[in-house]
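User: I have a protein model to read and I am new to this. Can you take me through its features step by step?

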Amino acid sequence: MHLPSLLRGALVAGGASVAAGSGNFGVRSFSAVAAASPSFCRSASVVRSHSPYTRPSFCSASQFIPAAAAWFASSRAAVSVTQPRTYRPSGSSYFGAGLQKLRSPSLSVSNKSSVISSLRLGRQSFLQAASLTPLAQETSRNLSTMGKENPFENLLTTLPNPDGGSFGKYYSLPKLNDPRIDKLPYSIRILLEAAIRNCDEFQVRKADVEKILDWENTAPQQVEIPFKPDFTGVPAIVDLAAMRDAIKRLGGDPNKINPLVPVDLVIDHSVQVDVARSPNALESNMQHEFHRNKERFAFLKWGATAFHNMLVVPPGSGIVHQVNLEYLARVVFNSNGILYPDSLVGTDSHTTMIDGLGVAGWGVGGIEAEAALLGQPMSMVLPQVVGFELTGKLRTGVTATDLVLTVTQMLRKHGVVGKFVEFYGKGMQELSLADRATIANMSPEYGATMGFFPVDHVSLDYLRMTGRDEEKVKLVESYLRANKLFIDYDEPQSDNVYSSFLRLDLDSVEPCVSGPKRPHDRVPLREMKDDWHSCLNNKVGFKGFGIPKEHQDTVAKFDFYGEPAELRHGDVVIAAITSCTNTSNPTVMLGAGLVAKKATELGLKVKPWVKTSLAPGSGVVTKYLQKSGLTKYLDQQGFNLVGYGCTTCIGNSGELHESVGSTITENDVVAAAVLSGNRNFEGRVHPLTRANYLASPPLVVAYAFAGTVDIDFEKEPIGISETGKEVFLRDIWPTSEEIAIIAGTSVLPEMFKSTYETITKGNKMWNELSAPAGALYSWDPESTYVHEPPFFKTMTRKPPGVHGVKDAHVLLNFGDSITTDHISPAGNINKDSPAAKYLMERGVDRRDFNSYGSRRGNDEVMARGTFANIRIVNKFLKGEVGPKTIHIPSGEKLYIYDAAKRYQEEGKDLIILAGAEYGSGSSRDWAAKGPYLQGVKAVIAKSFERIHRSNLVGMGIIPLCFKPGQDADSLGLTGYEKFSINLPSDIKEINPGQDISVTTDSGKQFTCTLRFDTQVEITYFEHGGILHYVLRQLLEL
């Protein structure tokens, strides 16, 4: 499964403290994010102008890493999961001892977190302590190049505490006396504050601060901002272990491969719904999880001891984004008396959930994250900001899920990829914090870097409700008000400047679902029946299944435990309350319980072959459902607790009953899944559910009772009561007032406190799990879970240099919206796939295949699983759906992996042609690693989703965009041509975004835009990828 991580500590450009992420360890406090481009561009340019054996001034990893470990830790507090609000005094004695302690293998990770949290010192203090370790000695040499003291020291202002004394000091934006601040979006003000706070005339200059102040004019100019990302559990540790082997082979010290800061891996993507509709489902599924993943979990436990600063938070703790929202997020940090805004950057794309609390955070590429652990910064451009005004109030019965699906559709249509979205307006007062978090969570689905909600009174109330200390809440309000980062809707509002605007009257939002294949294909509930029949009729596509008219009324009969049963097109076979998107929202969770209660009391029953499940992202949900008395009704209808993790939303829905599965397959039934998740791409939820609809938890329960999506809830009954009366959706749908009353008495601060007091203690199965020891991992060549990857096996000290592509064949010819789930599926391993063949050849029984996500530590499985989605559409196959392609030289139709392998044996380069939104969906690093292993050298697309493009760059794959208005079809490209990409041979002649000529053997020539977006990305390409670059820099230490 996808094993998320949480990284806390001091990191890059001012030392960000870090927090949890689901699939993400996040850099907290925009230390790095705020450093505007020029200083970073200069560093990148220096890197390119030196040989790989020369250390340029404070920009190579050999210099950056120790400085990040010390200097950047100096101005932030690291926050431990176990000690979330503990800070210690500053001083060189703490720092010197800290460096030694962090190198001590006997120190527990939680203690290392507290050691890091005590590190705060000035340059002089650091130099005094620098002789304590070789690492510090190296750092002291590099620090001689540091710039001056902060030129904005005059902005430091004491924040008084109304109860006496002061909260601390902060860099005051009002003291700049610059009228432009009042017009800046709040999200940009956060970047501005961090740039001012970290300004040293070296990493961040006054000129950089000016560019952020002048955001209205500079944002369109592609100003760069460096920052540090995080990573995805098992693949990252596998790569780090392989890098240790590589650095030893090349004559270096393996111990140089270590995270700079404490890393917590939160295992929330590994549990599957093997057992459902059972009181013991939770325990049984956890047992299955440990049985399947024992080897992988043992590897993670090895990593926790082999690498410094690494802690694994065991399975069953919750979904990390929900944990972050309910517990870890601080909103404002007080680090040794210096106050500054909390922030987060993480590789799981739904890191954005925290934006709902006013903590600026977003997802980044996973491959860069691994480099970030080792000190390598990443860059992005200063974003444009779309202002989204909310007015009015949601009507009773309309849910936050209905709202977010509406917002997603609007923003996807508007076009917000690579941009911030900032919500504002009078309607904000009508949204709970959980509602806002639901909207922020789905930022990846509408394409934005983040969907930001500035802090207001609703945010403060949420902090109190989740058990945060009242003194902390006072600090948050006082600081943010003083620094123009708090919005008070009871006061007159200034007109902020935005790059563009959208407006939504909340009263216009109506109940809806999204599907059947994409999150932004919203369908109003009143139109669902008609839309469903249109989908049956339409040709195969995002809104079509191509079912002939004569087959649309097919009834497939079967026996279910001896009872007669039947399936029709549109019948629901999976109904899952799942995903942090919705399970973090008490309103919709209690609403689901009330629907179950009312229906049960009327005598309705969910059909027994519908696979129902409840998988919340936090133990708090269980407590308030029990307190409200609603758990028993959910249990009676099969919505038993199955685990605390992502389950169905990530594709871990488990097997359908054999009789159901065979009936679907043998009769070509278009079966449906309804889930409260955030993604419904083809093949993601379950291989046998071609129709997948996102819906609110109450609607999930309602559709489970109805048993079909082919229903008009206004006109058709959802079931028949015990008295024979027709029961409609309106008869069991709770009002907003009903839900609010129950929430007021059932959702209590003590629940949050008691849940998170024990989050890192683990469970018996985890604590009894044995793990190997040693600095180098002993790879088992027979293992099908953990395998030494080939990325560094042939690496040399000298970088390979830049290269073009010559006479490449097209491996795949795609249309629009190819997702990372198409490229690197996380779910079931099909029994006929190349990956299944590989596993069976090694004695793995089919029932033990597990999922692709669980086997991400084995490159042999993942290379075979690349493009293995059974619903993938490749133009070469002329309408046939599935993971095959044409081997062009022979004309044979082969599995994609087999075709790629044959091309490699023939010595042929490969490229991919694609349409718009290539790589949308999860920030999945194997969606870049897999194509790399298959020999793909470049992808030419109409457009890329932000994170996937950066992952391609990180693996040395060239991303190119067709010119606006052009694509493969308009250029008359069939995909059967041979393509040559003519890159300059001299790296100095390659620039971000330049035009590149592409020619074919048929005589066609066209121009593409090179999507290396920054100078540093060109440097990574020269080295064959970001990790190769970092490894070579480490060799120079």
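Analyst: Start with cavities. A cavity is a set of grid points where a 1.4 Å probe fits but cannot get out. Keep in mind that this is a predicted model.

User: How many cavities of 30 Å³ or more does the count come to?

Analyst: The count comes to 16. The largest cavity has a volume of about 180 Å³. It is lined by 20 residues, and H269, D348, H350, I650 and R684 are the closest to its centre.

User: How does the lining of the largest cavity divide into nonpolar, polar and charged residues?

Analyst: Five are nonpolar, 10 are polar and five are charged.

User: What about the second largest cavity: how much space lies in it?

Analyst: About 150 Å³. Its lining has 16 residues, with P444, G921, E945, R946 and I947 nearest the centre. Helix α35 (residues 946–954) gives the largest share of that lining, three residues. By type, the lining of the second largest cavity divides into four nonpolar, 10 polar and two charged residues. Remember E945, one of the residues nearest the centre.

User: How do I read a pocket, then?

Analyst: A pocket is an open set of points, whereas a probe in a cavity cannot get out. Take the second largest pocket. It holds about 850 Å³ of space. Its lining has 34 residues, and the closest to its centre are E430, S432, D435, T587 and A740.

User: Which elements give two or more residues to the lining of the second largest pocket?

Analyst: They are α15 (433–441), α17 (457–465), α21 (586–601) and α27 (736–746). The largest share, five residues, comes from α27. The lining of this pocket divides into 19 nonpolar, nine polar and six charged residues.

User: Next, salt bridges. What should I look for?

Analyst: Look for a side-chain nitrogen of Lys or Arg within 4 Å of a carboxyl oxygen of Asp or Glu. By this rule the count here comes to 45 salt bridges. One of them joins the side chains of R180 and D214, at 3.7 Å from N to O.

User: Where do R180 and D214 lie?

Analyst: R180 is in the loop between β5 (166–171) and α7 (186–197). D214 is in the loop between α8 (206–213) and α9 (215–218). The two are 34 residues apart, and the pair links distant parts of the chain.

User: Are R180 and D214 buried, exposed or in between, and why?

Analyst: Buried means under 20% relative accessible area, exposed means over 50%, and partly exposed lies in between. R180 has 28% relative accessibility, so it counts as partly exposed. D214 has a relative accessible area of 21%, so it is partly exposed.

User: Which strands hold the partners E389 and R503?

Analyst: The side chains of E389 and R503 meet in a salt bridge of 2.8 Å, N to O. E389 lies in strand β14 (residues 385–391) and R503 in strand β17, so the pair ties together parts that are 114 residues apart in sequence. Now check the accessibility of each partner. E389 counts as buried because its relative accessibility is 18%. R503 is exposed, because its relative accessible area is 58%.

User: You told me to remember E945. What does E945 form with R412?

Analyst: E945 forms a salt bridge with R412, and the closest N and O atoms are 3.5 Å apart. E945 sits in the loop between β32 (936–941) and α35, while R412 sits in helix α14 (residues 400–414). They are 533 residues apart, and this pair links distant parts of the chain. Both partners are buried.

User: Which residues do salt bridges with shared partners join into one network?

Analyst: D178, R180, E210 and D214.

User: Last topic: the surface. Which residues make the nonpolar surface patch of about 200 Å²?

Analyst: V540, V873 and V881 make it. V540 is in the loop between α19 (528–537) and β20 (556–560). With 44% relative accessibility, V540 counts as partly exposed.

User: Is I487, which also lies in a loop, buried or exposed?

Analyst: I487 counts as buried, because its relative accessibility is 4%. Its loop runs between α18 (470–482) and β17 (500–505). The C-alpha atoms of I487 and V455 are separated by 6.2 Å, though the two residues are 32 apart along the chain.

Methods. Residues numbered from 1 in each chain as written. Predicted model: local features only at pLDDT ≥ 70, side-chain atom pairs only at ≥ 80, totals over all residues. Heavy atoms only, no water. 1 Å grid on protein atoms, 1.4 Å probe; cavity = no way out; pocket = protein on both sides within 12 Å on 5 of 7 lines; lining within 4 Å. Points joined across faces, edges and corners; volume = space filled by probe spheres on them. Nonpolar A, V, L, I, M, F, W, Y, C, P; charged D, E, K, R; others polar. Helix = DSSP H or I, 4+ residues; strand = E, 2+ residues; numbered from the N terminus. Patch = residues over 30% accessible without salt bridge, like charges linked within 9 Å, V, L, I, M, F, W, Y side chains within 5 Å. Areas by Shrake-Rupley, 256 points an atom, 1.4 Å probe, with all protein chains shown as cover. Buried < 20%, exposed > 50% of the residue type's maximum accessible area, 1.4 Å probe, protein only.
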